[in-house]
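Subject: Handover of a structure and notes on it

Dear colleague,

I am passing a structure to you, together with an account of what was found in it. Please look at it first and then read the notes below.

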Amino acid sequence: MSELKATQKKNGQILIVDDTAFNIEIMQLMIEVNFPNLVCESATSGLGSIEKVHKRIQHGKEPYKLILMDINMPVSYTHLTLPTNREV
């Protein structure tokens, strides 16, 4: 199985944003099992997600295919983060 994964082309990245490590791990596992051609990255805050999105652009990398964001994170102001990530 590891040989198969090594030869599969990764053709997209997803950003998972959640303040709970367990939730990130579960979402990553579900995505990687069901969609092995996608790569997951994570951030633990809205600000962290903005930074990751901007770094991808600065380094000329392809934008995230999807951003999964917890809308109920303390101190993250998700409702302010989402428009910023969409603008980029």
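In which helix does Arg 56 lie? Arg 56 lies in helix α3, where helices (H or I, at least four residues) and strands (E, at least two) are DSSP runs, numbered from the N terminus.

Residues are numbered from 1 along each chain as its sequence is written, and side-chain values use heavy atoms, with hydrogens and water left out.

Confidence

The predictor's confidence in each residue is given as pLDDT, from 0 to 100. For the protein chain the mean pLDDT is 80, and 72% of the residues reach 70 or more. Helix α2 (residues 21-34) has the highest confidence, at 95, whereas helix α1 (residues 2-7) has the lowest, at a mean of 48. Where pLDDT is low, the predicted coordinates should not be read in detail.

Overall arrangement

The protein chain contains 4 helices and 3 strands, and along the sequence these follow the pattern α-β-α-β-α-β-α. Of the 88 residues in the protein chain, 30% are buried; buried means under 20% relative accessible area, exposed means over 50%, and partly exposed lies in between (1.4 Å probe, protein chains only). Contact means heavy atoms within 4.5 Å. Among contacts between residues at least 6 apart in sequence, 68% join residues at least 24 apart.

The strands

Two strands pair if DSSP finds at least two bridges between them. Strand β1 is joined to β2 by 5 bridges, and the two run parallel. The chain crosses from β1 through α2 to β2, and this β-α-β crossover is right-handed, meaning that, with the strands pointing away from the viewer, the path from the first strand over the helix to the second runs clockwise. Strand β1 is also joined to strand β3 (residues 66-69), by 4 bridges, and this pair runs parallel.

Gln 13 has Val 39 as its bridge partner in β2. Ile 16 has a partner in β2, Ser 42, and another in β3, Leu 68.

Is strand β1 enclosed or open? Because 5 of the 5 residues of strand β1 (residues 13-17) are buried, the strand is largely enclosed by the rest of the structure. Both of its faces are covered, with Gln 13, Leu 15 and Val 17 buried on one side and Ile 14 and Ile 16 buried on the other.

The nonpolar cores

A nonpolar core is a set of buried Ala, Val, Leu, Ile, Met, Phe, Trp, Tyr and Cys residues joined through side-chain atoms within 4.5 Å. The largest has 7 residues: Leu 15, Val 17, Ala 43, Val 53, Tyr 64, Met 69 and Met 73. A second, separate core has 6 residues, among them Ile 16, Ile 31, Leu 38 and Cys 40.

Salt bridges

Side chains of opposite charge can pair when their charged atoms come close. A salt bridge is taken as a side-chain nitrogen of Lys or Arg within 4 Å of a carboxyl oxygen of Asp or Glu, and by this rule there are 2. In one of them, Glu 41 pairs with Arg 56, with the closest N and O atoms 3.7 Å apart. Since Glu 41 lies in strand β2 (residues 39-43) and Arg 56 in helix α3 (residues 46-58), the pair ties together parts that are 15 residues apart in sequence. Glu 41 is partly exposed, at a relative accessible area of 22%, while Arg 56 is buried, at 9%.

Leaving aside neighbours within four places in sequence, the contacts of Arg 56 include Gln 13, Glu 41 and Glu 62. Glu 62 forms a salt bridge with Lys 65, the closest N and O atoms being 3.0 Å apart.

Two loop positions

Glu 62 is placed in the loop between α3 and β3 and is partly exposed, with a relative accessible area of 44%. Its C-alpha atom is 8.4 Å from that of Gln 13, although Glu 62 and Gln 13 are 49 residues apart in sequence.

Asp 19 lies in the loop between β1 and α2 and is partly exposed, at 36% relative accessibility.

With kind regards
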